[in-house]
Amino acid sequence: GYSLSEAGGINAAMGTLCMSWAFFAGWTADVGLGRYLTILVFGLIYAAGAIVAAMAAWPSRESAQTYLVGVMVLVPIGTAGIKANISNFGADQYDTSDPVQKAAQEKFFSWFYLAINMGSAVAYGYLTTMGSNGGLGVPKMYGYFAVYSIAALCMVLAVALFHSARLRYRVQPVLPRSSLGCVSAHVLASAQKSSSAALAFILGVVL
C-alpha cells in the first residue's frame with residue numbers, strides 16, 4: 001500500500017540501518033561474542049527477519065507493521081553482524097607469514113566476492129521480479145511471500161553450513177578492548193589537546 005516514493009524511502013532507510021548497526025556488530029565481535037559466534041547469532045537474526053517478512057506478506061493476512069519489524073529491525077541487525085565480520089573472519093583462517101597461505105587468502109577473497117556478486121545477481125536479476133510478478137509456478141499474489149521464504153531458507157542453510165565446519169576454524173580470542181573503542185579514545189584524547197586533525201575528524205563524523 002505504499003507509494004513508490006515511500007517504498008524508496010523505506011529501502012534507503014533500511015540500507016542506512018544496515019550500515020549503522022555495523023558499529024555495534026563490530027564491537028560485539030571484538031569484546032563480546034567473538035567473530036564466529038557473532039556471525040552465527042546475527043545470521044540467525046537475519047533468517048528470523050526474513051521469516052517475519054514472509055509471514056507478513058501472506059496474502060490473506062498482510063501486515064505492514066509486522067513486515068517493517070522484519071525488514072527494518074531484524075534484517076538490518078543481521079546484515080550488519082555479517083557484513084562487519086565475515087571478511088575479517090575469513091582472513092583469520094590464514095597465516096599470512098606463510099607465502100602459501102597468503103596466496104590462499106587472496107584466492108579466498110576472490111571466491112568470496114564472486115559468491116556475493118552471484119547472490120546479488122540472483123536477487124536483483126530475478127527474485128525482485130518474482131516478488132512483484134510471481135514466477136516458477138508461484139502466483140503473483142504469493143510472490144513476496146515466496147521471495148522472503150526463499151531468503152529465509154537460504155540464510156538458514158548458510159548458517160548451518162557455516163556452523164558445520166566449526167571444528168576446522170581458527171577462532172581468534174575476544175579482545176580486552178574493542179578496536180573502535182581504542183580509536184575513539186585516541187581521537188578524543190587528541191581533540192582535548194586541540195589537534196586540528198582530530199577535531200576535523202570528529203566534525204566529519206558528526207556531519
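Let's start with Cys18. Buried or exposed? Cys18 counts as buried, because its relative accessibility is 8%. This is a predicted model, so keep that in mind throughout.

Now, where is the closest cysteine sulfur to that of Cys18? It sits in Cys154, and the separation is 17 Å. That is too far for a bond. A disulfide would need the two sulfur atoms within 2.5 Å.

Next, the overall picture. The protein chain has eight helices and zero strands. Read from the N terminus, the order of elements is α-α-α-α-α-α-α-α. The C-alpha trace spans about 60 × 45 × 25 Å along its principal axes. The chain has 207 residues, and 29% of them count as buried. Now take the contacts with a separation of 6 or more. Residues 24 or more positions apart account for 64% of those.

On to one helix pair. Two packed helices are described by the angle between their axes and the distance between the axes. Here the pair is H2, residues 34-56, and H6, residues 143-164. Their packing angle is about 160 degrees, and the axes lie 8 Å apart. An angle over 145 degrees counts as roughly antiparallel, so H2 is roughly antiparallel to H6. The crossing of H2 past H6 is left-handed.

Who makes the contact? On the H2 side, the residues are Tyr36, Ile39, Leu40, Gly43, Leu44, Tyr46, Ala47, Ala50, Ile51, Ala53 and Ala54. H6 brings Phe145, Tyr148, Ser149, Ala151, Ala152, Met155, Val156, Val159, Phe162 and His163. What is the split by type? It comes to 18 nonpolar, three polar and no charged residues.

Let me pick out one of those, Tyr46. This residue lies in helix H2. At 23% relative accessibility, Tyr46 counts as partly exposed. Buried would mean under 20%. Which residues does Tyr46 touch, leaving out those up to four places away in sequence? They are Leu74, Val75, Gly78, Thr79 and Met155. Met155 is also among the H6 residues in the helix contact. Then there is Val73. Along the chain, Tyr46 and Val73 are 27 residues apart. Their C-alpha atoms are separated by 9.5 Å.

Key
Residues numbered from 1 in each chain as written. Predicted model: local features only at pLDDT ≥ 70, side-chain atom pairs only at ≥ 80, totals over all residues. Heavy atoms only, no water. Axes fitted to C-alpha atoms, helices over the stretch in contact; angles between N-to-C directions. Helix = DSSP H or I, 4+ residues; strand = E, 2+ residues; numbered from the N terminus. Parallel < 35°, antiparallel > 145°, perpendicular 65-115°, else oblique. Left-handed = near helix turned anticlockwise from the far one by under 90°. Contact = heavy atoms within 4.5 Å. Nonpolar A, V, L, I, M, F, W, Y, C, P; charged D, E, K, R; others polar. Buried < 20%, exposed > 50% of the residue type's maximum accessible area, 1.4 Å probe, protein only.
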